[in-house]
Amino acid sequence: MTPFETITAGIAAAVGDSDARRGADALVTWGERILENWVEARDETPTANEREGFRLLALQRQGAKGDPSFNACRETCRELVYHRNLIHDEPENVEMPKRLKMAAMVARHLCLFVQGKMEEDALGEFCCSSRPLHNEKPTEEVPNHA
Amino acid sequence: MSEQKDLKRVAYYPGCALEGTGHAYDRSTRAVGKELGLDLVEVENWNCCGAMEVKNIDPKLQTYLSSRVMSIASEDMGFDTVMAPCNGCYHNLKKAEYDLTNDPENVAVTERLSEKAGHPTYKPGSVETIHALDWLKRAIGEEGLKERITHSLKGLKIANYYGCMYTRPRHIFPEKDQGPGSESTLQPHFMDDLLEAAGAEIVDYPLKTACCGGAHTLSDSDTSTKLVLNLLEAADECDADIIATECPTCHSGLEMHQIRAETKLGKKTNAKIVYFTQLIGLALGMNARTVGIHENVSDSINFFREKGLA
């Protein structure tokens, strides 16, 4: 498991990379580290597979299996991939520093979200949107409605 | 989604938040509807949708609570559409619709509780639940809105923030992702479309559906503050003057944690937090007070005065 402090520092360093494409790739890799932490915390082995050409997206999918509330970071991961592609497709664009910084903010959000999720056991359900919907057999005792 | 449905008169389910911290959203939604000739008929004797607290303890009870709102709208009031501006209410009514269509256990509990409460059990498919964004997009549309704009939002740079519950989980929103004209769960755009029609410049905001930590705001405020701060800093980085919202929970969270980030972390951010209905109201020439700008915690009145909108 990679310490979140290391990941946070890595994300900050990637923004300063003189080669924007390398910086963007580094951000995607840090994104993978974040999701690996989540998967490993669930006693699973992080997948080496790719989805739509990116391991990051495969890891996100793996992390959401059995915990649909983890899909709250699905678009964040896709945004990170989008920004990486944008930077690779137009390396000479004048907006490059801004794009790299924005990609870093997306990566940072992913990091904050997963950190928060990993505190869930101690603090209660983190995400309000969807988990119970998918729980066929809720862990909590269901009261007698009648 | 029935595109041809007349949405000029719909059942209106404000929900609890719009009577409290989200009052400005209620005020501006009603005002905009009135100005546009759209009739909102409040659901009689409505109850909580079961958002967050009930749902996390007893999901089937939440299904029942939401079904009661839809039952009243359809059986007692004769409506086929319920408009819920709050993301939590909108999500929960959609979820109840899904549960009652697909889960016999949920149906059994809802039937039992409805009988006990003495009202007809909601029949799935009797009403369509829509969000305020669907309502304005389908009832008026961009072209209709453009025709009515008297105070263009030109010069305003807006980052649209949809939050997490407007599009997730995808399967409870079968009308979305249906190609051109429908809303996208990956890249929602209805708010972008409407505010652009009102003259605003929409910035490319990469965190439009990212988590704001709303559910954790009491149990772990620091995480919520950090998440919101990142949303705010990203908006500043996009040069956005405003973050437009369409959810009272997100709106309150952004406002409160913007202040907390400044006082606790020394991080000042500049984007104003404004409901999209308030922005549309201003563009329609309505008074800032009429759309409840003074009720926002995020102080934007001087900004709008400078822009000639208040």
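Guide: A:F4, A:T6, A:I7, A:G10, A:I11 and A:A14 in α1(A) meet A:G23, A:A26, A:L27, A:W30, A:R33, A:I34 and A:N37 in α2(A), where contact means heavy atoms within 4.5 Å. The model is predicted: local features need pLDDT of at least 70, side-chain atom pairs need 80 or more, and totals for chains, interfaces and linings use all residues. Residues are numbered from 1 along each chain as written, chains are lettered from A in the order written, and side-chain values use heavy atoms, without hydrogens and water.

Visitor: At what angle do the axes of helix α1 and helix α2 of chain A cross?

Guide: An axis is a line fitted to C-alpha atoms over the stretch in contact, with angles from 0 to 180 degrees between N-to-C directions. Here α1 (residues 4-15) and α2 (residues 20-41) of chain A cross at roughly 165°, their axes coming within 9 Å. α1(A) is therefore roughly antiparallel to α2(A), a term for angles over 145 degrees.

Visitor: What area is buried between chain B and chain A?

Guide: Buried area is the accessible area (1.4 Å probe) that two parts lose on being put together, summed over both. For chain B and chain A it is about 3,700 Å², with 61% from carbon and sulfur atoms. The contact takes 46 residues from chain B and 35 residues from chain A.

Visitor: How many salt bridges cross that interface?

Guide: A salt bridge is a side-chain nitrogen of Lys or Arg within 4 Å of a carboxyl oxygen of Asp or Glu. The rule finds 4 between chain B and chain A. B:D239 forms a salt bridge with A:K98, with the closest N and O atoms 3.4 Å apart.

How values were computed. Helix = DSSP H or I, 4+ residues; strand = E, 2+ residues; numbered from the N terminus. Parallel < 35°, antiparallel > 145°, perpendicular 65-115°, else oblique.
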